[in-house]
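Please keep the viewer open as you go.

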Amino acid sequence: MTALARQPASNPAPRRRLLLASDRRDGSVDIAGILASVAEVETVPTAHLPDAPARDLSGIVVDINLRSADSVQLVRRKLLGGAYQPMPRLFVLADELHHGSMQAWALGATDTIARPFDPRDLLQRVRSAFPDPSEDTATARAEALSDGVTAAHKVLVKIFERLHGKPLTFQDVMQAEGPILKAIKRSSLREWLATVGRHHDESYRLCLFATGFAVAFAQYLGMREEDQRRLTRAALLYDVGKAYVDVSALDNLDNLKGDALRKYREHPRLGYEALVAEGSFPRETLDVVLHHHELLDGSGYPDGLHGDQIADIVRITTIVDLFASLVAPRKNHTPMSPLQAFITMENMGGKIDQRLLQAFRPVAMGG
């Protein structure tokens, strides 16, 4: 069950404070009305955007016409001046054109959402990215953790039972991003792994471990919100092809040989073809699914890529997949300690990106 589904019938007094900067004639009254259910909202015209945010402000929502040179110049001068830098900044885009999104990031956005949007999606973004001090309790952290694991599990159920129900869509994955990011941010990677470690399904467990490591890594590196979401999607979906692998092979991954190993190594392409057939998944996600077993020296599969042919997001996914497979409990495998796993991966040398691996060290050792 998601946090949205658990909202009480009568909301408690709003606790966040949000600033809504708008250059629209109606003052973005539609957005203000949606946000009012989770925050105290102050709306100001773009021209009146303060030079510095109030000390108790949780974040700023910017709803401007990015084709207006005057609005863009005002926002650039204020938001890139330094005072707003530590604060979450959600930009509302008039459309999904790529240049609009890129311009928003250049103006200091930490997240974007495009019109038309579902009000629930907007609230989910706000709850995930904009802090609410009153939610920093043990109960709230436990609820966030439960919501995140449940959201991730729901995606995995669709992956591994896709042949028996509705196919997984990209929208399914996007709906899970916010709760997962919030779970790791509000609780911890250690709590995520402990919760997932008690899960009965080992195929799910390995993917959930990898997802936890990927999200914690993204947050540790201070990636912007959209990049955290991209990596979350990659971690949830990279092993979708295992839905087409015999369970007996999945239970004996460390000992596969000959024809069994060859069939297992078909899973990246099987997963890729399934998502291509569904039709809604972006090229980057498909790249991760197809190439997460490629190695920098060309010895990986299925395409024997090497070096610069392997994208950064694929390299990161490969690292979290390898690390998770070494430390996660599963059948016929004795899990390594984080230190043992890290040393094993260091010994892989040029097969994986050692620069990224060293950046991953604090996350690996702290999990």
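Which residues of H12 are buried? They are His 267, Pro 268, Gly 271, Ala 274 and Leu 275. Here buried means under 20% relative accessible area, exposed over 50%, and partly exposed in between (1.4 Å probe, protein chains only). These residues cover an arc of only 130° around the axis, which puts them on the same side of H12. The arc is that of the directions from the helix axis to the C-beta atoms.

**Basis**

This is a predicted model, in which local features need pLDDT of at least 70 and side-chain atom pairs count only at pLDDT 80 or more, while totals for chains, interfaces and linings use all residues. Residues are numbered from 1 along each chain as its sequence is written, and side-chain values use heavy atoms, with hydrogens and water left out.

**Overall content**

The protein has 16 helices and 5 strands. Helices (H or I, at least four residues) and strands (E, at least two) are DSSP runs, numbered from the N terminus. Of the 367 residues, 49% count as buried. Take the contacts in the protein with a separation of 6 or more: residues 24 or more positions apart account for 67% of them. Contact means heavy atoms within 4.5 Å.

**Helix H12 and its surroundings**

H12 spans residues 267-278 and has 12 residues. From first C-alpha to last it reaches 17 Å, close to the 16 Å expected at 1.5 Å a residue. The expected span is 1.5 Å times one less than the number of residues. The buried residues of H12 pack against helix H11 (258-264) and helix H13 (283-291). Gly 279 follows H12, with a positive phi near 100°.

Lys 242 counts as buried because its relative accessibility is 6%.

The 5 strands form an open sheet in the order S2-S1-S3-S4-S5, with parallel pairing. Strand S2 (39-45) and strand S5 (111-114) stand at the edges, each with a single partner strand, so one side of each is left without a neighbour in the sheet. The twist averages 20° from one strand to the next. Axes are lines fitted to C-alpha atoms, for helices over the stretch in contact, and angles run from 0 to 180 degrees between N-to-C directions. Two strands pair if DSSP finds at least two bridges between them.

| Pair | Sense | Bridges | Facing residues |
|---|---|---|---|
| S1 and S3 | parallel | 5 bridges | Ala 21 opposite Val 62 |
| S1 and S2 | parallel | 7 bridges | Leu 19 opposite Glu 42 |

S1 is mostly covered, as 6 of its 7 residues are buried. H4 packs on the sheet and touches S1, strand S4 (89-93) and S5. The direction of H4 makes about 175° with that of S5.

Leu 123 is in helix H4 (residues 119-129). With 11% relative accessibility, Leu 123 counts as buried. Leu 123 and Ile 34 are 89 residues apart in sequence, yet 7.5 Å apart in space, C-alpha to C-alpha.

**Asp 63**

Where is Asp 63 found? Asp 63 is in strand S3 (residues 59-63). UniProt, in an unreviewed entry, places the feature "modified residue: 4-aspartylphosphate" there. UniProt positions are given in the numbering used here, feature names are shortened, and annotations may be inferred rather than shown by experiment. Asp 63 counts as buried because its relative accessibility is 3%. Leaving aside neighbours within four places in sequence, its contacts include Asp 23, Ser 28, Val 92 and Arg 115.

**Backbone details**

Ser 28 has a positive phi of about 55° although it is not a glycine. This serine is found in the loop between S1 and helix H1 (29-35). At 0% relative accessibility, Ser 28 counts as buried.

The peptide bond from Arg 115 to Pro 116 is cis, with omega near -10°. Pro 116 is in the loop between S5 and H4. Another cis peptide bond joins Tyr 301 and Pro 302, with omega about 10°. Pro 302 lies in the loop between H13 and helix H14 (312-327).
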